[in-house]
Amino acid sequence: MNIQTKYLGFDLRSPLVASASPLAKELDNIKKMEDAGLSAVVLNSLYEEEIRAERQALLHHLEYGTESYAEALSYFPEPEVFYAKTDAYLEHISKCREAVDIPVIASLNGSTLGGWTEFALKMQEAGASALELNIYSIPTDFEQPGADVEQNVIGIVNSVKEAISIPVAVKLSPYYSNMAHMAKKLDDAGADALVLFNRFYQPDINLETMETEPNILLSTPQASRLPLRWIGILYGNIQADMAATSGIHSAQDALKMLMVGANVTMMTSALLKFGIDHAKEVEAKMVQWLEENEYESVEQLRGSMSQKHGVDAAAFERAQYMRGLKTYAVNS
Amino acid sequence: MTTDIATLDGNEAVARIAYKVNEVIAIYPITPSSPMGEWADDWASRNQTNIWGTTPLVIEMQSEAGAAGAVHGSLQRGALTTTFTASQGLLLMIPNMFKIAGELTSTVFHIAARSIAAQALSIFADHSDVMAARSTGWGMLASASVQEAHDFALITTAATLKARVPFLHFFDGFRTSHEVSKISLVPDEVIRAMIDDELVIAHRNRGLDSDRPVLRGTAQNPDVYFQARETVNPFYLATPQIVEDAMQQFGELTGRYYQLYEYHGAPDAERVIVIMASGAEAAQEAVDALNAQGEKVGVLKVRMYRPFDVDRFVAAFPATTKSIAVLDRTKEPGATGEPMYLDTITALFEGWPHGALPMVTGGRYGLSSKEFTPAMVKGVFDNMLADQPKNHFTVGIIDDVTNTSLDYDPEFDVESDSVVRALFYGLGSDGTVGANKNSIKIIGENTNNYAQGHFVYDSKKSGSMTVSHLRFGPQPIHSPYQITRANFIACHQTVFLEKYDVLKDAVKNGIFLLNSTASPETVWDTLPEKYQRHIINKNLAFYVIDAYKVARDSGMRNRINTIMQTCFFAISGVLPRDEAIEEINKSIKKTYGKKGDEIVKMNLVAVDNTIENLHKVTVPDAVTSSAGFLPPVTPNAPTFVQNVLATMIARDGDNLPVSAMPIDGTYPTGTTQYEKRNLALEIPVWDPDVCIQCGKCAMVCPHAVIRIKAYDEAVLENAPETFKATDARDREWGGMKYTIQVSPEDCTACGICVDVCPAKNKAAAGLKAINMEPQPPIREQEVENWDFFVNIPEMPRNLIKVNSIRQQQVQQPLFEFSGACAGCGETPYLKLLTQLFGDRAIIANATGCSSIYGGNLPTTPWSHNNEGRGPAWSNSLFEDNAEFGLGMRVALDKQIEYARELVARLSGEIGGTLAEAILNADQSDEPGIFEQRGRIATLKERLSGINSPEARQLLTVADNLAKKNVWIIGGDGWSYDIGYGGLDHVLASGRNVNVLVMDTEVYSNTGGQSSKATPRAAIAKFAAGGKPSPKKDLGRMMMTYGNIYVAQVAMGGRDEQTLRAFLEAEAYDGPSLIIAYSHCIAHGINMKTAMQDQKMAVDTGQWLLYRFNPTLAEEGKNPLTLDSRQPKKPVSEFLHMENRFRMLEMSRPDAASVMFEEAQGDVIKRWEMYQYLAQRPYGPADDNGSSGTDD
């Protein structure tokens, strides 16, 4: 069975890719991912806020309380060199590239214009095969129109594309007024792929402490419905490749994504939950299904259930939603 | 040969040479010499090499005595070895110094000369330390400036190798050690040329070696000791020539020539001052000015003080000399004169070659960095003209007791107009000093100007004012004194305007720069009357900038250093503006480059924004303000505070006469309450409706500004309108009212109270029962509320249940409003101690942070209650605190014993029942103590009617019959390192002393040097590469005695456990030791949430909570109670909270990953050991009641 696919210009042996997760922090895990047949790996994200906070904290703590009191004009020796998180990350990219043959996609997570091009360039120089921009932004400015938010994202993509030559994927949220239009604009801006969708870490409330706290939940297969819809809508209408992420746990989940038009399907939660070798099982079952259903290749399957090629064009739009509700009502 | 120019301070200038010419460096921190050791450790951690291409081995010792011992040993093995120290540190080295000199060993110790503690400690400069060492047989060479300190560090090393006489190379602490100056660096090739390898090899060959064994250090007897002692004479006789030769060789190599005794002045001078170190520079300036006016005066600078070469010394004077004044920067009470005065008289008597002996007078100047100016020098010269010149005089103070002081004209000014003189007033936290150091470097290294920076710091650690004195000029600067005529004055904080007259030193047509939120149009109206008058009368150009706004707009938060530096260059004209800005930008890239491009960028943006926001103010013709300065203390302050301490607070202490000062260093307690510092922009505000009355906010408040009282409702009758009160929730306080009140003018806005408050506002979860709000709008009302609150009667101590925090916290703190860092981790423990036991505590305080914020003038935080009882406090030294406290204890024990004997003897007269009750009183709790005090009052009343010697004796010791206890307190530097031997002995004595170790895990007071309490993987000074070894387990070591109460606590970990440990420690009739985790600014943490760090330290097992109570062993129970739960989180979660550990990851990631893993191993091993100890079965007590059985 030919399960090869193309993504970001790379010929990949399968459409199963590891998406950004803490697993990718360890070089051994990257090797295991390659051994498990995953065809590319997106590294854990380098967080813009974290880099800024680290630098500000370093400066603050090196200066705080200094030059105030005659006996203690400083409190720390100042090392000659500071290896910021960026340095460690860049070193990790290089080590990963040396250790595996599959493409290593660096991931940069941020929300502002500043710093993107600088970090992107450094990642390219460190040997990243491609770059995934994880544009993480919760607009809360009551005065800022949605168009500005969109333009900000486009601006980031433009500037990064100008700065680097390796392929750039954009991982984005579904929360745009017109996702199709947004996707088109990103396509026009030169994004080599869209990764659909980013899962925001939503805050939770601790009833004991009455404080909000991050509560990271692993995705469930239900989470795959949203990218399934939008990949199905976008397939054939944009040049950029598409990667499906969120809720892909099984071969069935992956196959559905490929059917609506994804070039690759990305897994994180399933690997965290079941281990990296789970990818082998997914691939085997995917191949088995393809064989049982007499497909020749993944490429043959790809987009077959998209809006463009689908039997029911309205299925991805409101009508399907209505039908879903009716079904739910009957079943309950 | 090219000569590099550098702008650096005296400590670095010396350390650079010392590092290059030594193989072993033993270090120990002491102000102001610590930075020399820090530099050495830092360079060694980077593998920088000496002139032989090898990295010197730098080792931190446990004390200066230890450092001297290590140096002695290293020298005996033949390694080139040095150390750095000052003051008491040098005194601790003296025993070894005699040995080192007696064995004719080549070495140089570099000394940042500092006062010795007498009636008080002082960190500032004089020569009392080096003078105390003058009998050791060491050569002594004094440097007068940063350049000389750099040069002489090499000259002494070259000389000692040849002479075999060890040398003290000294220079004035702070004045030279911390002065930033532009100097010519000695190139490596010069160092190489000066150090003769043959002599180095000879030194090495004298080292002990088992391949050619010798024996050194014999015990000698009356038959030969004397003769053997005289064998060294030829070496001392030869030394002056050797040093002179070294100076000559150095001069030929560098162009800088020095002489052992260097005369400067009129060749036919009649009056000559003899002086050494930095004071000689001021004298030279005065001499030049006076000679220019036609006088015939001179100064003889003594470079080599030991060996004192009579011939060279007398030969240096002009033959015309008729009068000599010898100025000593030390005091020897009871002597016929100060040391150099006596040496001079002897030398003249023995060797004066010019006929009639000149008249010689001697005087003291500059003790503890007292200013010494050309005006004072002129005063000395004027005194020499008198028919009967004053001898044994002082200059620079007003001595109205024994009238030693000389009059002088303070207006006498010698400074050239070509020197730009700038004064900058900043807050410690605003980066003013750092920016100024940077400016000096820019000017020093980019122009032909010479530059000098001197920095004056506050005595408080929080909210401290800094004053930077900067000089720039085309000629070398010889002005080792503060600026009093400034062309440029910058005030970086408007809060100073209402307190100090910073413009008093401005010259006519000078420049005044103010950082203010007021606009150029409105700023004039914000100035007090005195400022307006200065600006108009002196025709000052007045500029204003809202630097905090520029900082915020540039992403710099509250850091205004770059902005104010840019302003200085933009308007001072020291450099062309564009050139200056280019240099600032370069400097920003250099300074911040390694900390990240973002940091660089925001500073560059700030520079650009500064120019746009800097405005010249149009000055009106007339004064419009009538505002004066705030009084330095509150009107209710006692007379002594008003007359003496207030003068110091107003920065006018220099003008206090001798008669104003207590004669023996004794001061009243409870004086911080009168100094309202108003540091806080925000203060906590209590919400009684949300409050659960747990008392935690008051417990953690490091500054004792949050107070709690429960009281009768009738008290509220005259309460101010905004005074808050609610019903007391404690069942035992039914019907009472309850108030938590904040002292608005004493708060430092640390915010710890808000962080620990567990009560959330149910309607708005972002609010708690105590919340920060802006201070200015509520200052007035809260002052009124505070004044009302303090007058509410305290709840009687015998009615308070002390083992419940919510009740215990109504106890009055007798440690309040200290000058500790905002959010200090030590002071909550001290406050708790005083609440619980302050009315009966005698405290021995080791030198360190706690002795500084506890005892540094002007005002001090140890206080007393309305009955006049409170902690009696003293500080002896750093190393002897445990012994000091034990001395107090045994004195108290003896006095108690004597009092009891007298009560028994006098029981007939005083009444048998009373005597019996007194002797058998149970004082194990507050009611018991309360009752005993009542009995003693009765006893004293009865005694006053008995006319017998024994009754009079008992009257003086009767108060000891009420419970008193001794607390021995200090930090980890004292208890783990320098004072450990004494602490061990004192705890082993079995005496009833209570020891509180506030463990910050570094030498906090001297700037965060590593101690044996420093945990593995922490970066600290002297452990620049991360501490590779684990923390010493002091508690476990002391538990091995079996009869010592030992507790380890962390208030932020479990406050109830802390309280319980304090109560148990005091109750235990034997030695007790509490080791209290104390977060510290030197940890690199957010001080506001520091209690969370403490909690995490406990949760991860990094810090164990336990109590080892020997009384349990007496009952046959296991004495160890492990109060920590098994760690559930990895220690890395704690390590990542603190910069001291994170910096290791950022600077040495590979080492960090290893050390972090080892740190986790430490946690596991420690936990397992303690768990075993706490869980093991414990047998019945033996006869001593001190131990059980092991299994």
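Colleague: Let us start with a pair of strands. In which sense do β28(B) and β30, residues 965-971 of chain B, pair, and over how many bridges?

Modeller: This is a predicted model. In it, β28(B) and strand β30 of chain B pair in the parallel sense over five bridges. For one bridge, take B:Ile842: its partner in β30(B) is B:Val966.

Colleague: Which strand do three further bridges join to β28(B)?

Modeller: Strand β29, residues 872-874 of chain B, is joined to β28(B) by three bridges, and the two run parallel. In β29(B), B:Ser874 stands opposite B:Ala844. The link between these strands passes through helix α27, residues 849-855 of chain B, and the β-α-β crossover is right-handed. B:Ile843 has a bridge partner in β29(B) too, namely B:Trp873.

Colleague: What is the general idea for side chains along a strand?

Modeller: In a regular strand they alternate between the two faces of the sheet.

Colleague: Is β28(B) largely enclosed or largely open, and why?

Modeller: Burial is a neighbour count: a residue is buried when 20 or more other C-beta atoms lie within 10 Å of its own. Strand β28 of chain B, residues 841-845, has four of its five residues buried, so the rest of the structure largely encloses it.

Colleague: Now the whole sheet. How many strands does it have, and in what order?

Modeller: Eight strands of chain B form an open sheet, in the order β29-β28-β30-β31-β35-β34-β36-β37, with mixed pairing. At the edges stand β29 and β37 (1120-1122) of chain B; each has a single partner strand, so one side of each lacks a neighbour in the sheet. From one strand to the next the twist averages 15 degrees.

Colleague: Which strands does helix α41 of chain B touch as it packs on the sheet?

Modeller: Helix α41, residues 1149-1175 of chain B, touches β36 (1106-1108) and β37 of chain B. The direction of α41(B) makes about 130 degrees with that of β37(B).

Colleague: On to helices. What is the general idea for which residues point the same way?

Modeller: An α-helix has 3.6 residues a turn, so residues three or four places apart point the same way.

Colleague: How many residues of helix α40 of chain B are buried?

Modeller: Eight of the nine residues in α40(B), residues 1139-1147, are buried, so this helix is largely enclosed by the rest of the structure. Among them are B:Phe1141, B:Met1143 and B:Leu1144, and also the charged B:Arg1140 and B:Glu1145. The cover over the buried residues includes α2 of chain A, together with α39 (1131-1135) and α41 of chain B.

Colleague: What about helix α1 of chain B?

Modeller: Helix α1(B), residues 10-20, has 10 of its 11 residues buried, so it too is largely enclosed. Its buried residues include B:Val14, B:Ile17 and B:Tyr19.

Colleague: How many residues does each chain bring to the contact?

Modeller: Chain A brings 31 residues and chain B brings 39 residues. On the side of chain A, helix α2, residues 48-63, gives the most, with seven residues. By class, that side of chain A has 18 nonpolar, six polar and seven charged residues.

Colleague: Finally, chain A as a whole. How does its radius of gyration stand against a compact globule?

Modeller: For 332 residues a compact globule would have a radius of gyration near 20 Å, and the 22 Å of chain A agrees. The C-alpha trace of chain A spans about 80 × 45 × 45 Å along its principal axes. Chain A holds 12 helices and 12 strands. Of its 332 residues, 46% are buried.

Terms used: Residues are numbered from 1 along each chain as its sequence is written. Chains are lettered from A and ligands numbered from 1 in the order in which they are written. This is a predicted model: local features need pLDDT of at least 70, side-chain atom pairs count only at pLDDT 80 or more; totals for chains, interfaces and linings use all residues. A residue is buried if 20 or more other C-beta atoms lie within 10 Å of its own, exposed if 12 or fewer, and partly exposed in between; C-beta atoms are placed from the backbone. Two strands pair if DSSP finds at least two bridges between them. A crossover is right-handed if, with the strands pointing away from the viewer, the path from the first strand over the helix to the second runs clockwise. Two residues are in contact if their C-beta atoms, placed from the backbone, lie within 7 Å. Axes are lines fitted to C-alpha atoms, for helices over the stretch in contact, and angles run from 0 to 180 degrees between N-to-C directions. The radius of gyration is taken over C-alpha atoms; the globule rule is 2.2 Å times the number of residues to the power 0.38.
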